[in-house]
Amino acid sequence: MISVLSELSYWQVTSIRVGAGLVAVLLVAGTLVYAHLFKMVSFMQSRLGPMEAGPYGSLQLLAEIGKFLQKEDIVPRRADRFVFKAAPFVVLTSTFLLLVVLPGGPDAWFISNDLGIYLAMAVSSVSVIGILMAGWGSASKYSLLGGLRATGQLIAYELPLLLAVVGVVIQAETMNLQEIVLAQANGEIFGWGAIGNPFIITQFAGFIIFMIAMQAELTQTPFDMPVAESELVTGYMTEYSGLRFLLFFIGEFATAGVFSAIAAVLFLGGWYVPGLDPADNLLNLLGPLVLFGKVVLLTFLVFWVRFTFPRFREDQLQRLAWKFLVPLALANIVVTGVLKVVV
Amino acid sequence: MTPAGVLAAGAAGGDLFVAQNVFFGVIALVMIVSAIRCVTTRNVVHAALWLVLVLAGAAAQFILLGSEFVAVTQVLVYIGAIIVLFLFGIMLTKASMGDDDSVAGEKRLMAGLVAVLLAVVMGIALIDSYSDTRVVIDEPQRFAAVSDAIFSQYIVAFEAVSVLLLAALIGAIVVARKE
């Protein structure tokens, strides 16, 4: 099958990929805010949510963006101006770099090489620097405490996140996310290959660990100590207003989308549609939509948990990571490794 | 032209102004300026942030050389872990906002001397050993090749380093737990 992209020149393909990256961040973040933050939580709390702007309040998001853009961009007097202003961009850059490894179809990828999930884990840790910059640069005790809490939490949960991925890498024999999708598409469950072999079946423990660690990495409730509003206002975001607050906000939801997409690729088969040939050109069109559907499903779980459970205390949070998730992930790696060699 | 093609053209010694050379110069300039600002700034947090730029520049140079594994490891270990640890430590103890005059440092002359000495020794050693060696990079180094080398050719060294790190880890816990 001749792919559409192979007929275009290098700069055309690059422009398409940059455009697709912008769409993937903004559209996904917008959808998550509207579908989950505005509507789902409202239904869970027996209310309607925004209803005025557009049909069923679907244009509420544009109204919110307009509101944020009009607000004054305030920098506190004692703040470190440059560090304070640069911090949201560092966080958002980390989100965009995370997106780079995601495949959306047989030819619809940004980069496809061995770096894959290793690169994703490396750049996701860069956002911590942005959060520390925001916490320190604001010259506010709430921001500093929030930044320190966020850092401690992100360091603690990066480890189970990484270790949960190792099981999948052992089973797929590659770190390339595109090839991980293909390994699932071409896999068989006891000789029955109709739906491939999504790794959620064999790596169920890994999936659970990944989802819990992801919830913590996104600082969503019950892991929202860093932005605990009753103690720290909004943690490291306290002093931000207008456009820069909006950037943090978009970053938060876009990262939720990208992490869910990585989980979908690792455990749910990514862009593959059962019954089609994995090299089918149709999947270049269908694949991103399928992946988007899985992202909406996984983020639904994230926000369901967010609006259901109360907040963890700091010591409970650290104990869960170091005494439960890390040993479980290590055991998962050992079992996967042994089975890989034996079976 | 694909990245591998650019590398091949650079290695063949063709045009001097291939994208790779231009970007090497740009990144090197950023790294030098950041490194100088890192040691001249009087704010500890700023110094750590300038160091981030230096390390990120080093990672970018590794990518230009086709060593993706080293580049990503540089980001993961140095930026993602060590700098974060630095910043975390600075902010937990003392993170004054403006310039800190106690950072000025009366040992500036000595530090400068050591730096110049190190640069001269390393420069001579590198030029002496590698001045007529041409590194031919046909294509980016693959992950699989790195792991194959570690787990076959260098397996003894790898295991020795692993045990050493484990010993250091246990030692750190023992020292920290002793009240």
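Me: Where is S46(A) found in chain A?

Reply: Please keep in mind throughout that this is a predicted model. S46(A) lies in the loop between α1 (10–44) and α2 (60–70) of chain A.

Me: What is the phi of S46(A), and how should I read such a value?

Reply: The general idea is that most residues other than glycine have a negative phi. S46(A) has a positive phi of about 55° although it is not a glycine. As for its surroundings, S46(A) counts as exposed because it has 6 C-beta neighbours inside 10 Å, where the cut-off for exposed is 12 or fewer.

Me: Which value does phi take in E173(A), and where is the place of this residue?

Reply: Phi of E173(A) is near 60°, again a positive value in a residue other than glycine, and E173(A) sits in the loop between α6 and α7 of chain A. Because E173(A) has 12 C-beta neighbours inside 10 Å, this residue counts as exposed.

Me: Does F82(A) count as buried, exposed or partly exposed?

Reply: F82(A), whose place is in helix α3 of chain A, counts as partly exposed because it has 13 C-beta neighbours inside 10 Å.

Me: How many residues has the largest nonpolar core, and which element gives the most to it?

Reply: The largest nonpolar core has 115 residues, and those with the most contacts inside it are I129(A), L132(A), A213(A), I262(A), A263(A), V265(A) and L266(A). The element that gives the most to this core is α6(A), with 14 residues. To look at one member in detail, L266(A) is in contact with V165(A), V168(A), I180(A) and F199(A), leaving aside its neighbours within four places in sequence.

Me: At what angle do the axes of α6(A) and α9(A) cross, and is the crossing left-handed or right-handed?

Reply: The axes of α6(A) and helix α9 (residues 204–217) of chain A come within 8 Å and cross at roughly 155°. The two helices are therefore roughly antiparallel to each other, and their crossing is left-handed. Among the residues that meet here are Y157(A), L161(A) and A164(A) in α6(A), with I209(A), F210(A) and A213(A) in α9(A). The residues of this contact divide into eleven nonpolar, three polar and one charged.

Me: At what angle do α2(A) and α11(A) pack?

Reply: Their angle is about 135°, with the axes of α2(A) and α11(A) 6 Å apart, and that makes α2(A) oblique to α11(A). Here I65(A), F68(A) and L69(A) in α2(A) meet G242(A), L243(A), F245(A) and L246(A) in α11(A), a contact whose residues divide into six nonpolar, one polar and no charged.

Me: How many residues of chain A are in contact with chain B, and which element gives the most to that side of chain A?

Reply: The general idea is that the size of an interface is often given as the accessible area lost when the parts come together, but contacts can be counted as well. In this model, 22 residues of chain A are in contact with 20 residues of chain B. The elements giving two or more residues to the side of chain A that touches chain B are α4, α5 and α6 of chain A, and α4(A) gives the most, with five residues. The residues of that side divide into 17 nonpolar, two polar and three charged.

Me: How many helices and strands has chain B, and what percentage of its residues count as buried?

Reply: Chain B has seven helices and zero strands, and 14% of its 179 residues count as buried. Among contacts in chain B between residues at least 6 apart in sequence, 59% join residues at least 24 apart.

Terms used. Residues numbered from 1 in each chain as written. Chains lettered and ligands numbered in written order. Predicted model: local features only at pLDDT ≥ 70, side-chain atom pairs only at ≥ 80, totals over all residues. Core = buried A, V, L, I, M, F, W, Y, C linked by C-beta atoms within 7 Å. Buried ≥ 20, exposed ≤ 12 C-beta atoms within 10 Å, placed from the backbone. Helix = DSSP H or I, 4+ residues; strand = E, 2+ residues; numbered from the N terminus. Contact = placed C-beta atoms within 7 Å. Nonpolar A, V, L, I, M, F, W, Y, C, P; charged D, E, K, R; others polar. Axes fitted to C-alpha atoms, helices over the stretch in contact; angles between N-to-C directions. Parallel < 35°, antiparallel > 145°, perpendicular 65-115°, else oblique. Left-handed = near helix turned anticlockwise from the far one by under 90°.
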